[in-house]
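Open the model in your viewer and keep the selection tool at hand. The stops below say what to select and what is there.

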Amino acid sequence: MPLDNQSDNRSLATQARRIDVLVVGAGFAGLYLLHCLSKLGLDVRAFEAGGGVGGTWYWNRYPGARCDVESMQYSFGFSEELQQDWQWSELFSAQPEILSYANHVAERFDLRRLITFNARVHAAIFDEASARWTVHTSIGETVTARYIVMATGCLSTGRVPDFPGIETFEGRTFHTGEWPHEPVDFGGRRVAVIGTGSSAIQAVPVIAEQAAHVTVFQRTPNYSIPSRNGPMTCEYETEWKTEYAARRETARHMRNGILYDLNDKSALDDTPEERERTYAERWQKGGVRFMAAYNDLALNQASNDTAADFVRARIREIIKDPAVAELLCPKDYPIGTKRICVDTNYFAAFNRPNVTLVDVRNDPIQAITPAGVRQGGQVCAVDDIVFATGFDAMTGTLTRVDIRGRHGQTLAAKWEAGPRTYLGLMTAGFPNLFMITGPGSPSVLSNMIVSIEQHVDWISDCLAEMGKQDLGCIEPTAEAEEAWVAHVNEVAHRTLYPKAASWYMGANIPGKPRVFLPYIGGVGAYRQKCDDVAANGYEGFVMAPAVTMAK
Ligand code: N01
(Lines give C-alpha, C1' and ligand atoms only; values in the text may rest on other atoms or scores of the structure.)
Protein backbone atom coordinates (compact mmCIF):
# COMPACT_ATOMS: atom_id res chain seq x y z
CA MET A 1 0.00 0.00 0.00
CA PRO A 2 1.25 3.50 -0.71
CA LEU A 3 2.51 5.13 2.47
CA ASP A 4 0.83 8.42 2.36
CA ASN A 5 -2.51 8.88 0.74
CA GLN A 6 -4.12 11.04 3.38
CA SER A 7 -4.64 14.66 2.45
CA ASP A 8 -2.22 17.04 4.07
CA ASN A 9 -3.23 20.68 4.02
CA ARG A 10 0.14 21.81 5.21
CA SER A 11 1.90 20.61 2.10
CA LEU A 12 3.86 23.36 0.38
CA ALA A 13 2.55 22.52 -3.03
CA THR A 14 -1.05 21.53 -2.79
CA GLN A 15 -1.34 21.14 -6.55
CA ALA A 16 1.69 18.90 -6.77
CA ARG A 17 1.35 15.16 -7.23
CA ARG A 18 1.95 13.33 -3.95
CA ILE A 19 4.03 10.21 -3.99
CA ASP A 20 5.91 8.08 -1.51
CA VAL A 21 9.39 8.11 -2.97
CA LEU A 22 11.01 10.30 -5.59
CA VAL A 23 14.13 8.86 -7.18
CA VAL A 24 16.51 11.24 -8.90
CA GLY A 25 18.32 9.55 -11.79
CA ALA A 26 17.70 6.44 -13.87
CA GLY A 27 21.17 4.96 -14.05
CA PHE A 28 21.83 1.54 -12.54
CA ALA A 29 21.03 2.87 -9.05
CA GLY A 30 17.76 4.47 -10.11
CA LEU A 31 16.65 1.39 -12.02
CA TYR A 32 17.26 -0.99 -9.15
CA LEU A 33 15.60 1.42 -6.69
CA LEU A 34 12.48 1.60 -8.85
CA HIS A 35 12.39 -2.18 -9.01
CA CYS A 36 12.76 -2.71 -5.25
CA LEU A 37 10.57 0.13 -4.04
CA SER A 38 7.71 -0.62 -6.40
CA LYS A 39 7.88 -4.26 -5.26
CA LEU A 40 7.30 -2.95 -1.72
CA GLY A 41 4.07 -1.41 -2.98
CA LEU A 42 5.32 2.15 -2.66
CA ASP A 43 4.20 4.87 -5.01
CA VAL A 44 7.60 5.60 -6.55
CA ARG A 45 8.70 7.66 -9.49
CA ALA A 46 11.95 8.87 -11.06
CA PHE A 47 13.06 12.02 -12.81
CA GLU A 48 15.95 11.59 -15.21
CA ALA A 49 17.83 14.46 -16.85
CA GLY A 50 18.77 12.33 -19.86
CA GLY A 51 16.56 11.06 -22.62
CA GLY A 52 17.07 7.43 -21.64
CA VAL A 53 18.19 5.10 -18.86
CA GLY A 54 21.80 4.14 -18.11
CA GLY A 55 23.28 7.17 -16.30
CA THR A 56 27.05 7.18 -16.82
CA TRP A 57 26.63 4.82 -19.78
CA TYR A 58 24.04 7.08 -21.33
CA TRP A 59 26.32 10.15 -21.22
CA ASN A 60 29.85 8.77 -21.67
CA ARG A 61 29.78 7.74 -25.32
CA TYR A 62 33.31 8.78 -26.24
CA PRO A 63 35.32 6.48 -28.53
CA GLY A 64 36.79 3.60 -26.56
CA ALA A 65 34.45 3.99 -23.55
CA ARG A 66 34.18 0.68 -21.77
CA CYS A 67 34.04 -0.63 -18.24
CA ASP A 68 37.27 -1.60 -16.57
CA VAL A 69 35.60 -4.07 -14.24
CA GLU A 70 34.82 -7.35 -15.99
CA SER A 71 31.25 -7.52 -17.23
CA MET A 72 30.54 -10.84 -15.51
CA GLN A 73 31.02 -8.80 -12.33
CA TYR A 74 29.92 -5.33 -13.44
CA SER A 75 26.29 -6.37 -13.78
CA PHE A 76 23.30 -6.86 -11.51
CA GLY A 77 23.31 -9.84 -9.16
CA PHE A 78 19.81 -9.40 -7.76
CA SER A 79 18.08 -11.61 -10.30
CA GLU A 80 19.32 -15.11 -11.04
CA GLU A 81 17.24 -15.21 -14.24
CA LEU A 82 18.71 -11.94 -15.46
CA GLN A 83 22.30 -12.96 -14.79
CA GLN A 84 21.77 -16.32 -16.45
CA ASP A 85 20.00 -14.92 -19.51
CA TRP A 86 22.16 -11.93 -20.37
CA GLN A 87 25.19 -12.60 -22.55
CA TRP A 88 28.19 -10.30 -22.77
CA SER A 89 30.20 -10.38 -25.95
CA GLU A 90 33.49 -9.25 -24.42
CA LEU A 91 35.27 -9.61 -21.10
CA PHE A 92 35.18 -5.83 -20.58
CA SER A 93 32.12 -4.54 -22.36
CA ALA A 94 32.04 -1.37 -24.36
CA GLN A 95 29.61 1.45 -23.60
CA PRO A 96 26.98 0.55 -26.26
CA GLU A 97 26.61 -2.96 -24.86
CA ILE A 98 26.36 -1.74 -21.26
CA LEU A 99 23.73 0.76 -22.35
CA SER A 100 21.79 -2.05 -24.09
CA TYR A 101 21.95 -3.98 -20.83
CA ALA A 102 20.53 -0.99 -18.90
CA ASN A 103 17.72 -0.76 -21.45
CA HIS A 104 17.09 -4.49 -21.17
CA VAL A 105 16.81 -4.20 -17.37
CA ALA A 106 14.37 -1.30 -17.73
CA GLU A 107 12.20 -3.35 -20.13
CA ARG A 108 12.46 -6.66 -18.34
CA PHE A 109 11.34 -5.23 -15.02
CA ASP A 110 8.86 -2.80 -16.58
CA LEU A 111 10.51 0.28 -15.08
CA ARG A 112 10.20 2.79 -17.89
CA ARG A 113 6.59 3.63 -16.96
CA LEU A 114 7.93 4.98 -13.63
CA ILE A 115 10.45 7.38 -15.18
CA THR A 116 10.01 10.89 -16.55
CA PHE A 117 12.88 11.54 -18.98
CA ASN A 118 14.46 14.86 -19.94
CA ALA A 119 13.47 16.20 -16.54
CA ARG A 120 16.25 17.58 -14.39
CA VAL A 121 15.53 18.04 -10.69
CA HIS A 122 16.74 21.50 -9.81
CA ALA A 123 15.34 21.96 -6.30
CA ALA A 124 14.17 19.83 -3.39
CA ILE A 125 12.75 21.61 -0.38
CA PHE A 126 11.92 19.91 2.92
CA ASP A 127 8.76 21.07 4.61
CA GLU A 128 9.09 20.54 8.34
CA ALA A 129 5.36 20.86 8.96
CA SER A 130 4.41 17.96 6.71
CA ALA A 131 7.79 16.17 6.81
CA ARG A 132 7.69 15.92 3.03
CA TRP A 133 9.96 17.00 0.20
CA THR A 134 8.72 19.24 -2.59
CA VAL A 135 10.70 18.62 -5.73
CA HIS A 136 10.88 21.03 -8.67
CA THR A 137 12.01 20.04 -12.14
CA SER A 138 13.21 21.64 -15.35
CA ILE A 139 9.96 20.65 -17.09
CA GLY A 140 7.90 22.66 -14.64
CA GLU A 141 6.51 19.60 -12.91
CA THR A 142 6.47 19.54 -9.12
CA VAL A 143 5.88 16.56 -6.86
CA THR A 144 5.86 16.12 -3.13
CA ALA A 145 7.37 12.97 -1.75
CA ARG A 146 7.78 11.49 1.69
CA TYR A 147 11.27 10.32 0.72
CA ILE A 148 13.74 11.39 -1.90
CA VAL A 149 16.65 9.26 -3.06
CA MET A 150 19.53 10.87 -4.94
CA ALA A 151 20.66 8.22 -7.40
CA THR A 152 22.63 10.80 -9.30
CA GLY A 153 25.96 9.00 -9.73
CA CYS A 154 29.42 9.94 -8.51
CA LEU A 155 30.88 11.21 -11.78
CA SER A 156 27.99 12.93 -13.48
CA THR A 157 28.91 16.60 -13.46
CA GLY A 158 31.60 17.14 -16.06
CA ARG A 159 34.20 19.83 -15.68
CA VAL A 160 35.90 21.92 -18.33
CA PRO A 161 38.67 24.18 -16.98
CA ASP A 162 37.98 27.87 -17.56
CA PHE A 163 40.69 28.38 -20.17
CA PRO A 164 40.58 31.98 -21.42
CA GLY A 165 39.20 32.28 -24.93
CA ILE A 166 37.44 28.91 -24.85
CA GLU A 167 34.33 30.40 -26.43
CA THR A 168 36.33 31.74 -29.39
CA PHE A 169 37.41 28.32 -30.67
CA GLU A 170 36.21 27.84 -34.24
CA GLY A 171 36.29 24.04 -34.33
CA ARG A 172 34.23 21.41 -32.53
CA THR A 173 34.55 20.80 -28.78
CA PHE A 174 33.55 17.71 -26.80
CA HIS A 175 33.58 16.64 -23.18
CA THR A 176 33.98 12.89 -22.70
CA GLY A 177 31.16 12.86 -20.16
CA GLU A 178 28.66 14.55 -22.44
CA TRP A 179 29.38 13.01 -25.79
CA PRO A 180 27.04 13.49 -28.78
CA HIS A 181 24.63 10.66 -29.53
CA GLU A 182 25.36 10.62 -33.23
CA PRO A 183 28.73 9.19 -34.34
CA VAL A 184 31.59 11.71 -34.37
CA ASP A 185 33.89 11.37 -37.37
CA PHE A 186 37.49 12.36 -36.66
CA GLY A 187 38.66 11.24 -40.10
CA GLY A 188 41.28 13.60 -41.52
CA ARG A 189 41.05 15.97 -38.56
CA ARG A 190 43.60 17.41 -36.17
CA VAL A 191 42.41 16.65 -32.66
CA ALA A 192 43.58 17.97 -29.28
CA VAL A 193 42.87 15.76 -26.26
CA ILE A 194 43.25 17.63 -22.99
CA GLY A 195 43.73 15.37 -19.95
CA THR A 196 45.18 11.92 -19.43
CA GLY A 197 42.83 10.25 -16.92
CA SER A 198 40.86 7.03 -17.48
CA SER A 199 38.63 8.61 -20.15
CA ALA A 200 41.51 9.96 -22.25
CA ILE A 201 43.44 6.71 -21.80
CA GLN A 202 40.53 4.86 -23.39
CA ALA A 203 39.80 7.46 -26.05
CA VAL A 204 43.27 8.37 -27.35
CA PRO A 205 44.15 5.04 -29.04
CA VAL A 206 40.75 4.87 -30.75
CA ILE A 207 40.72 8.51 -31.91
CA ALA A 208 44.32 8.09 -33.14
CA GLU A 209 43.16 5.35 -35.51
CA GLN A 210 40.83 7.78 -37.26
CA ALA A 211 42.30 11.24 -36.94
CA ALA A 212 44.96 12.89 -39.11
CA HIS A 213 46.77 13.89 -35.93
CA VAL A 214 46.16 13.74 -32.19
CA THR A 215 47.94 16.05 -29.75
CA VAL A 216 47.61 14.91 -26.14
CA PHE A 217 48.05 17.62 -23.51
CA GLN A 218 49.24 15.94 -20.33
CA ARG A 219 49.54 17.60 -16.94
CA THR A 220 49.98 14.44 -14.85
CA PRO A 221 50.86 11.02 -16.27
CA ASN A 222 48.85 8.05 -15.04
CA TYR A 223 49.66 4.48 -14.16
CA SER A 224 47.74 2.20 -16.49
CA ILE A 225 47.51 -1.57 -16.69
CA PRO A 226 46.62 -3.37 -19.95
CA SER A 227 43.08 -4.74 -19.82
CA ARG A 228 43.81 -7.84 -21.96
CA ASN A 229 40.23 -7.53 -23.09
CA GLY A 230 38.96 -10.16 -25.47
CA PRO A 231 35.82 -11.91 -26.63
CA MET A 232 33.78 -13.70 -23.98
CA THR A 233 34.40 -17.42 -24.34
CA CYS A 234 31.76 -20.05 -23.76
CA GLU A 235 33.94 -21.73 -21.12
CA TYR A 236 34.50 -18.54 -19.15
CA GLU A 237 30.84 -17.59 -19.28
CA THR A 238 29.75 -21.07 -18.19
CA GLU A 239 32.31 -21.16 -15.40
CA TRP A 240 30.83 -17.92 -14.04
CA LYS A 241 27.20 -18.78 -14.61
CA THR A 242 27.47 -22.17 -12.94
CA GLU A 243 28.64 -20.55 -9.74
CA TYR A 244 27.14 -17.12 -10.13
CA ALA A 245 25.29 -16.82 -6.84
CA ALA A 246 28.22 -18.02 -4.74
CA ARG A 247 30.75 -15.88 -6.58
CA ARG A 248 28.62 -12.76 -6.25
CA GLU A 249 28.21 -13.41 -2.54
CA THR A 250 31.98 -13.70 -2.06
CA ALA A 251 32.56 -10.49 -4.05
CA ARG A 252 30.10 -8.62 -1.83
CA HIS A 253 32.44 -9.15 1.10
CA MET A 254 35.70 -8.37 -0.66
CA ARG A 255 37.62 -5.14 -0.33
CA ASN A 256 36.46 -3.65 -3.63
CA GLY A 257 33.40 -5.76 -4.31
CA ILE A 258 35.33 -7.45 -7.09
CA LEU A 259 36.23 -11.10 -7.00
CA TYR A 260 39.92 -11.45 -7.64
CA ASP A 261 42.89 -13.18 -6.14
CA LEU A 262 44.34 -10.96 -3.39
CA ASN A 263 47.84 -12.06 -2.52
CA ASP A 264 47.63 -11.69 1.23
CA LYS A 265 51.22 -10.76 1.99
CA SER A 266 53.42 -7.70 1.98
CA ALA A 267 55.42 -6.88 -1.14
CA LEU A 268 58.43 -6.66 1.13
CA ASP A 269 58.07 -10.30 2.19
CA ASP A 270 59.08 -11.43 -1.30
CA THR A 271 62.52 -11.28 -2.86
CA PRO A 272 62.95 -8.86 -5.78
CA GLU A 273 62.88 -11.86 -8.16
CA GLU A 274 59.63 -13.21 -6.65
CA ARG A 275 58.08 -9.76 -6.83
CA GLU A 276 59.05 -9.35 -10.44
CA ARG A 277 57.43 -12.71 -11.22
CA THR A 278 54.27 -11.79 -9.34
CA TYR A 279 53.91 -8.40 -11.03
CA ALA A 280 54.72 -9.88 -14.45
CA GLU A 281 52.00 -12.53 -14.04
CA ARG A 282 49.43 -9.92 -13.09
CA TRP A 283 50.52 -7.53 -15.84
CA GLN A 284 50.09 -10.41 -18.25
CA LYS A 285 46.59 -11.25 -16.92
CA GLY A 286 45.74 -7.54 -17.00
CA GLY A 287 43.19 -5.32 -15.27
CA VAL A 288 42.79 -3.88 -11.80
CA ARG A 289 43.80 -7.16 -10.14
CA PHE A 290 47.34 -5.87 -10.59
CA MET A 291 46.81 -3.81 -7.44
CA ALA A 292 45.98 -6.98 -5.46
CA ALA A 293 49.47 -8.36 -6.10
CA TYR A 294 50.25 -7.64 -2.43
CA ASN A 295 48.16 -6.61 0.54
CA ASP A 296 50.04 -3.44 1.42
CA LEU A 297 50.39 -1.56 -1.85
CA ALA A 298 47.95 1.09 -0.64
CA LEU A 299 49.53 1.29 2.79
CA ASN A 300 53.30 1.09 2.61
CA GLN A 301 55.34 3.48 0.48
CA ALA A 302 58.26 1.04 0.09
CA SER A 303 55.92 -1.73 -1.08
CA ASN A 304 54.10 0.66 -3.39
CA ASP A 305 57.41 1.78 -4.92
CA THR A 306 58.09 -1.78 -6.09
CA ALA A 307 54.80 -1.89 -8.04
CA ALA A 308 55.28 1.63 -9.40
CA ASP A 309 58.83 0.76 -10.54
CA PHE A 310 57.50 -2.30 -12.34
CA VAL A 311 54.88 -0.28 -14.24
CA ARG A 312 57.37 2.47 -15.13
CA ALA A 313 59.71 -0.22 -16.52
CA ARG A 314 56.87 -1.52 -18.74
CA ILE A 315 56.10 2.02 -19.99
CA ARG A 316 59.79 2.49 -20.90
CA GLU A 317 59.71 -0.85 -22.71
CA ILE A 318 56.64 0.03 -24.77
CA ILE A 319 57.51 3.60 -25.78
CA LYS A 320 60.20 3.87 -28.44
CA ASP A 321 61.21 7.48 -27.79
CA PRO A 322 62.92 7.60 -24.35
CA ALA A 323 62.03 11.26 -23.82
CA VAL A 324 58.33 10.54 -24.43
CA ALA A 325 58.55 7.48 -22.18
CA GLU A 326 59.92 9.59 -19.33
CA LEU A 327 57.07 12.07 -19.72
CA LEU A 328 54.55 9.22 -19.59
CA CYS A 329 56.06 7.72 -16.40
CA PRO A 330 54.23 8.86 -13.27
CA LYS A 331 56.79 9.69 -10.62
CA ASP A 332 55.36 11.92 -7.96
CA TYR A 333 52.52 9.97 -6.43
CA PRO A 334 52.09 6.35 -5.34
CA ILE A 335 50.53 3.91 -7.79
CA GLY A 336 46.80 3.45 -7.15
CA THR A 337 46.33 6.69 -5.22
CA LYS A 338 44.89 8.32 -8.31
CA ARG A 339 42.35 5.94 -9.82
CA ILE A 340 44.34 3.17 -11.52
CA CYS A 341 43.67 3.16 -15.26
CA VAL A 342 43.08 0.14 -17.47
CA ASP A 343 43.81 0.46 -21.15
CA THR A 344 43.98 -1.12 -24.56
CA ASN A 345 47.08 0.10 -26.40
CA TYR A 346 47.30 3.46 -24.66
CA PHE A 347 51.07 3.70 -24.32
CA ALA A 348 51.67 2.11 -27.74
CA ALA A 349 49.56 4.90 -29.29
CA PHE A 350 52.44 7.29 -28.56
CA ASN A 351 54.63 5.32 -30.98
CA ARG A 352 52.33 6.32 -33.83
CA PRO A 353 53.55 9.07 -36.14
CA ASN A 354 50.20 10.84 -35.81
CA VAL A 355 50.26 11.16 -31.98
CA THR A 356 52.17 13.89 -30.15
CA LEU A 357 52.49 14.29 -26.39
CA VAL A 358 52.71 17.80 -24.98
CA ASP A 359 53.74 18.15 -21.36
CA VAL A 360 51.85 21.00 -19.72
CA ARG A 361 52.92 20.35 -16.16
CA ASN A 362 55.35 23.24 -15.86
CA ASP A 363 54.04 25.22 -18.77
CA PRO A 364 50.24 25.14 -18.57
CA ILE A 365 47.75 25.70 -21.34
CA GLN A 366 47.47 29.49 -21.53
CA ALA A 367 44.38 29.89 -23.65
CA ILE A 368 42.15 28.48 -26.30
CA THR A 369 42.30 30.59 -29.45
CA PRO A 370 40.05 30.50 -32.51
CA ALA A 371 42.61 28.16 -34.14
CA GLY A 372 43.54 25.83 -31.28
CA VAL A 373 45.39 25.50 -27.98
CA ARG A 374 47.97 28.07 -26.94
CA GLN A 375 50.74 26.64 -24.80
CA GLY A 376 54.47 27.22 -24.55
CA GLY A 377 54.17 30.49 -26.47
CA GLN A 378 52.69 28.90 -29.60
CA VAL A 379 49.32 27.80 -30.87
CA CYS A 380 48.77 24.14 -31.66
CA ALA A 381 46.25 24.44 -34.49
CA VAL A 382 43.48 21.85 -34.30
CA ASP A 383 40.04 21.17 -35.74
CA ASP A 384 38.58 19.53 -32.63
CA ILE A 385 39.21 19.70 -28.89
CA VAL A 386 38.28 16.78 -26.64
CA PHE A 387 38.10 17.81 -23.02
CA ALA A 388 38.88 14.66 -21.03
CA THR A 389 39.15 16.87 -17.99
CA GLY A 390 37.06 14.93 -15.53
CA PHE A 391 34.21 15.61 -13.14
CA ASP A 392 33.23 17.45 -9.98
CA ALA A 393 33.13 14.05 -8.35
CA MET A 394 30.85 12.71 -5.64
CA THR A 395 29.54 16.04 -4.31
CA GLY A 396 29.25 18.24 -7.43
CA THR A 397 25.96 16.84 -8.65
CA LEU A 398 24.38 16.86 -5.20
CA THR A 399 25.36 20.40 -4.25
CA ARG A 400 24.26 21.79 -7.63
CA VAL A 401 20.66 20.83 -6.83
CA ASP A 402 19.06 23.40 -4.54
CA ILE A 403 18.47 20.97 -1.69
CA ARG A 404 17.11 22.61 1.47
CA GLY A 405 16.64 20.70 4.67
CA ARG A 406 15.58 21.78 8.12
CA HIS A 407 15.49 25.54 8.75
CA GLY A 408 16.06 26.14 5.04
CA GLN A 409 19.70 25.07 5.27
CA THR A 410 21.11 24.17 1.86
CA LEU A 411 23.17 21.05 1.33
CA ALA A 412 25.81 23.19 -0.40
CA ALA A 413 26.13 25.33 2.74
CA LYS A 414 26.23 22.34 5.05
CA TRP A 415 28.99 20.75 2.96
CA GLU A 416 30.97 23.93 2.42
CA ALA A 417 34.00 22.51 4.23
CA GLY A 418 33.47 19.03 2.75
CA PRO A 419 30.68 16.47 2.72
CA ARG A 420 29.34 15.18 6.03
CA THR A 421 27.27 12.02 6.00
CA TYR A 422 26.37 9.06 8.14
CA LEU A 423 27.45 5.96 6.20
CA GLY A 424 27.30 7.92 2.94
CA LEU A 425 23.56 7.24 3.06
CA MET A 426 22.10 10.31 4.76
CA THR A 427 23.14 13.66 6.19
CA ALA A 428 21.84 15.22 9.44
CA GLY A 429 19.38 18.06 8.99
CA PHE A 430 17.97 16.55 5.79
CA PRO A 431 15.39 14.01 6.97
CA ASN A 432 14.14 11.37 4.52
CA LEU A 433 16.81 12.24 1.95
CA PHE A 434 18.95 9.26 0.97
CA MET A 435 21.98 9.09 -1.28
CA ILE A 436 23.11 6.08 -3.29
CA THR A 437 26.89 5.62 -3.08
CA GLY A 438 27.22 9.01 -1.44
CA PRO A 439 30.44 10.49 -0.05
CA GLY A 440 31.56 8.51 2.98
CA SER A 441 30.63 5.17 1.38
CA PRO A 442 32.96 2.89 -0.64
CA SER A 443 31.31 3.90 -3.96
CA VAL A 444 34.04 4.85 -6.43
CA LEU A 445 36.59 2.61 -4.71
CA SER A 446 34.45 -0.40 -5.49
CA ASN A 447 32.59 -2.25 -8.18
CA MET A 448 29.84 0.37 -8.43
CA ILE A 449 27.06 -2.11 -9.11
CA VAL A 450 27.86 -4.09 -5.96
CA SER A 451 27.77 -0.89 -3.91
CA ILE A 452 24.60 0.29 -5.61
CA GLU A 453 22.82 -2.98 -4.85
CA GLN A 454 23.94 -2.87 -1.24
CA HIS A 455 22.65 0.68 -0.74
CA VAL A 456 19.38 0.04 -2.52
CA ASP A 457 18.77 -3.15 -0.51
CA TRP A 458 19.55 -1.33 2.73
CA ILE A 459 17.24 1.59 1.93
CA SER A 460 14.45 -0.74 0.78
CA ASP A 461 14.70 -2.76 3.99
CA CYS A 462 14.72 0.44 5.99
CA LEU A 463 11.60 1.82 4.29
CA ALA A 464 9.85 -1.54 4.65
CA GLU A 465 10.64 -1.53 8.36
CA MET A 466 9.43 2.05 8.73
CA GLY A 467 6.22 1.13 6.96
CA LYS A 468 5.70 -1.83 9.30
CA GLN A 469 6.18 0.39 12.36
CA ASP A 470 4.07 3.17 10.91
CA LEU A 471 7.03 5.55 10.91
CA GLY A 472 7.49 8.33 8.39
CA CYS A 473 10.69 10.16 9.22
CA ILE A 474 14.33 9.13 9.47
CA GLU A 475 17.41 11.23 10.01
CA PRO A 476 20.90 10.53 11.33
CA THR A 477 21.94 12.08 14.62
CA ALA A 478 24.63 14.74 14.55
CA GLU A 479 26.75 12.53 16.85
CA ALA A 480 26.56 9.46 14.61
CA GLU A 481 27.46 11.58 11.62
CA GLU A 482 30.37 13.22 13.43
CA ALA A 483 31.76 9.83 14.44
CA TRP A 484 31.41 8.44 10.89
CA VAL A 485 33.06 11.47 9.27
CA ALA A 486 35.96 11.13 11.73
CA HIS A 487 36.24 7.41 10.99
CA VAL A 488 36.19 7.91 7.18
CA ASN A 489 38.92 10.49 7.54
CA GLU A 490 41.01 8.48 9.95
CA VAL A 491 40.94 5.34 7.78
CA ALA A 492 41.86 7.34 4.66
CA HIS A 493 44.86 8.84 6.40
CA ARG A 494 46.16 5.40 7.29
CA THR A 495 46.68 4.87 3.56
CA LEU A 496 48.85 6.47 0.90
CA TYR A 497 45.82 7.90 -0.94
CA PRO A 498 45.98 11.43 0.48
CA LYS A 499 49.47 11.76 -1.06
CA ALA A 500 47.98 12.28 -4.53
CA ALA A 501 46.23 15.42 -5.75
CA SER A 502 43.29 13.39 -7.03
CA TRP A 503 39.59 13.84 -7.57
CA TYR A 504 39.16 11.43 -4.62
CA MET A 505 40.49 14.37 -2.56
CA GLY A 506 38.52 17.03 -4.44
CA ALA A 507 41.86 18.33 -5.72
CA ASN A 508 40.78 18.65 -9.38
CA ILE A 509 38.29 21.43 -8.67
CA PRO A 510 39.71 24.84 -7.76
CA GLY A 511 38.44 25.86 -4.31
CA LYS A 512 36.94 22.45 -3.46
CA PRO A 513 37.84 21.39 0.09
CA ARG A 514 40.56 18.74 0.23
CA VAL A 515 38.68 15.92 1.92
CA PHE A 516 38.97 12.25 1.04
CA LEU A 517 35.51 11.63 -0.38
CA PRO A 518 34.88 7.85 -0.46
CA TYR A 519 35.17 5.37 2.43
CA ILE A 520 38.25 3.24 2.09
CA GLY A 521 37.57 0.72 4.86
CA GLY A 522 36.44 -1.89 2.32
CA VAL A 523 33.14 -3.00 0.87
CA GLY A 524 32.85 -6.07 3.12
CA ALA A 525 33.53 -4.22 6.38
CA TYR A 526 31.24 -1.41 5.31
CA ARG A 527 28.41 -3.81 4.46
CA GLN A 528 28.78 -5.39 7.91
CA LYS A 529 28.62 -1.98 9.56
CA CYS A 530 25.43 -1.07 7.67
CA ASP A 531 23.88 -4.44 8.55
CA ASP A 532 24.81 -4.00 12.21
CA VAL A 533 23.30 -0.52 12.28
CA ALA A 534 20.02 -1.91 10.93
CA ALA A 535 20.07 -4.94 13.27
CA ASN A 536 20.57 -2.61 16.24
CA GLY A 537 17.34 -0.77 15.51
CA TYR A 538 18.92 1.65 13.03
CA GLU A 539 21.51 2.82 15.50
CA GLY A 540 22.61 6.40 14.89
CA PHE A 541 19.32 7.31 13.23
CA VAL A 542 16.25 8.91 14.76
CA MET A 543 13.09 7.33 13.38
CA ALA A 544 9.69 8.72 14.18
CA PRO A 545 6.13 8.96 12.95
CA ALA A 546 6.08 11.75 10.39
CA VAL A 547 3.92 14.07 12.44
CA THR A 548 5.87 13.70 15.69
CA MET A 549 9.11 14.29 13.85
CA ALA A 550 7.74 17.39 12.23
CA LYS A 551 6.84 19.09 15.51
O1 N01 B 1 38.86 12.34 -15.43
P2 N01 B 1 40.15 12.51 -14.50
P3 N01 B 1 38.41 11.08 -16.32
N4 N01 B 1 45.14 21.43 -17.98
O5 N01 B 1 39.77 13.53 -13.47
C6 N01 B 1 43.47 16.81 -16.67
C7 N01 B 1 35.93 7.00 -14.10
N8 N01 B 1 36.06 6.38 -15.39
O9 N01 B 1 37.16 11.46 -16.97
O10 N01 B 1 45.71 14.84 -13.21
C11 N01 B 1 45.55 20.20 -18.34
O12 N01 B 1 40.68 11.25 -14.02
C13 N01 B 1 43.88 16.14 -15.41
O14 N01 B 1 45.20 16.43 -15.06
P15 N01 B 1 45.68 16.30 -13.49
C16 N01 B 1 37.14 6.65 -13.26
O17 N01 B 1 36.74 6.51 -11.93
C18 N01 B 1 35.86 5.05 -15.43
O19 N01 B 1 39.54 10.60 -17.15
O20 N01 B 1 44.61 17.01 -12.69
N21 N01 B 1 45.01 19.07 -17.93
C22 N01 B 1 43.62 14.68 -15.77
O23 N01 B 1 44.65 14.15 -16.52
C24 N01 B 1 38.00 7.86 -13.47
O25 N01 B 1 38.97 8.05 -12.49
C26 N01 B 1 36.00 4.39 -16.59
O27 N01 B 1 46.98 16.99 -13.46
C28 N01 B 1 43.98 19.17 -17.09
C29 N01 B 1 42.37 14.80 -16.64
O30 N01 B 1 42.29 16.15 -17.07
C31 N01 B 1 36.94 8.95 -13.48
O32 N01 B 1 35.90 8.41 -14.25
C33 N01 B 1 36.37 5.06 -17.74
C34 N01 B 1 43.47 20.40 -16.68
C35 N01 B 1 41.11 14.45 -15.89
O36 N01 B 1 41.20 13.12 -15.50
C37 N01 B 1 37.36 10.24 -14.11
O38 N01 B 1 38.14 9.97 -15.26
C39 N01 B 1 36.58 6.43 -17.69
C40 N01 B 1 44.10 21.56 -17.14
N41 N01 B 1 43.70 22.78 -16.77
C42 N01 B 1 36.41 7.08 -16.50
N43 N01 B 1 42.43 20.16 -15.85
C44 N01 B 1 35.72 2.96 -16.59
O45 N01 B 1 36.30 2.22 -17.30
C46 N01 B 1 42.29 18.83 -15.76
N47 N01 B 1 43.23 18.22 -16.51
C48 N01 B 1 34.71 2.40 -15.69
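Select Ala388 and the ligand: a backbone N or O atom of Ala388 lies 3.3 Å from an oxygen atom of the ligand. That is a polar contact, a pair of N or O atoms within 3.5 Å; within protein, one must be able to donate a hydrogen and the other to accept it, and residues adjacent in sequence count only if both atoms are side-chain atoms. The model is predicted, so to speak of local features pLDDT of at least 70 is needed, side-chain atom pairs count only at pLDDT 80 or more, and totals for chains, interfaces and linings use all residues. Residues are numbered from 1 along each chain as its sequence is written, and side-chain values use heavy atoms, with hydrogens and water left out.

At Trp503 a polar side-chain atom lies 3.0 Å from a ligand oxygen atom. Which residues come nearest to the ligand? Of the 24 around it, they are Arg66, Ser199, Arg219, Thr220 and Lys338 (near means that a heavy atom of the residue lies within 4 Å).

Next, show the strands E7, E16, E8, E9 and E12. Helices (H or I, at least four residues) and strands (E, at least two) are DSSP runs, numbered from the N terminus. These five strands form an open sheet in the order E7-E16-E8-E9-E12, with parallel pairing; two strands pair if DSSP finds at least two bridges between them. At the edges are E7 (172–175) and E12 (355–359), each pairing on one side only. E7 and E16 (384–387) pair over four bridges, and His175 stands opposite Phe387 in E16.

Axes are lines fitted to C-alpha atoms, for helices over the stretch in contact, and angles run from 0 to 180 degrees between N-to-C directions.

Move to E13, E14 and E15, an open sheet of three strands in that order with antiparallel pairing. Its edge strands are E13 (365–368) and E15 (378–381). E14 (372–375) and E15 pair over four bridges, and Val373 stands opposite Cys380 in E15.

Last, select helices H14 (448–468) and H16 (523–535), which pack at about 0° with their axes 11 Å apart. Among the residues that meet are Trp458 in H14 and Tyr526 in H16.

How values were computed: Contact means heavy atoms within 4.5 Å.
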